[in-house]
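Dear colleague,

Please find the structure below, followed by a short account of what was found in it.

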Amino acid sequence: MYATAGDGTKIWYESAPGPHPVLLVHGFASDSRRTWTDTGWTRALADTGYVAVDLRGHGQSDKPAEGYSPENMARDLVAVLDAAELSEVDMVTYSMGGLVGWQLAKLGRVRRMVLGGIGRKPASREDMLRVQELLGGQDLSACVDGVAGSRIEGEAPVPVLFAAGEEDEFAADAPEPFVPLGKRNHFNAVSSRVFKQAALQFFGS
């Protein structure tokens, strides 16, 4: 399914009904299938319900030349929630998705959020280009331009839980409350069973 963003960009999403749907927001140079389906998240949320999104420039969504600030991508997610007829959701993000999710929470559409693979330091251009090379994705220079230098700032707008692998250099400064995901790095922590269990427990609390 597709939602239409304010600038006409088509944003792909998949929705599974349930009593407390969870919005899933992937990271840079990835997509919903690799981040959430292949790692077992959508299966773990089958009873809860979920909405999995491909951010602009990624996966099955349109790939425009602009509009990649976290604030604008958060507005893309508002269009998805509107299309899915969901006024408020819980949310799990990974890596860059946390920057987008943080902005979405400021817009009042999120009840609780779990941010994986992200700390407080700004996203650097060098790190983003390195991730793009490692993941073998398409040219995402427009996204790099829009996101580099961004960081999560200020008090959390909603209750939040951070999670990261102990060997994740990109999330070494993740604040409390924090769930360690064992000897995992930035690229394999998302599949952690501890990550899933912590999120489900947090949302149920």
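Ser192 is buried, with a relative accessible area of 3% (buried means under 20%, computed with a 1.4 Å probe on protein chains only). Ser192 lies in the loop between strand S8 (178-180) and helix H7 (193-204); helices (H or I, at least four residues) and strands (E, at least two) are DSSP runs numbered from the N terminus. Leaving aside residues up to four places away in sequence, Ser192 touches Leu181 and Arg184, contact being heavy atoms within 4.5 Å.

The model is predicted: local features need pLDDT of at least 70 and side-chain atom pairs count only at pLDDT 80 or more, while totals for chains, interfaces and linings use all residues. Residues are numbered from 1 along each chain as its sequence is written, and side-chain values use heavy atoms, without hydrogens and water.

Beyond four places in sequence, Met96 touches residues including His26, Phe28, Leu55, Met73 and Met128.

Yours sincerely

Definitions and conventions
Buried < 20%, exposed > 50% of the residue type's maximum accessible area, 1.4 Å probe, protein only.
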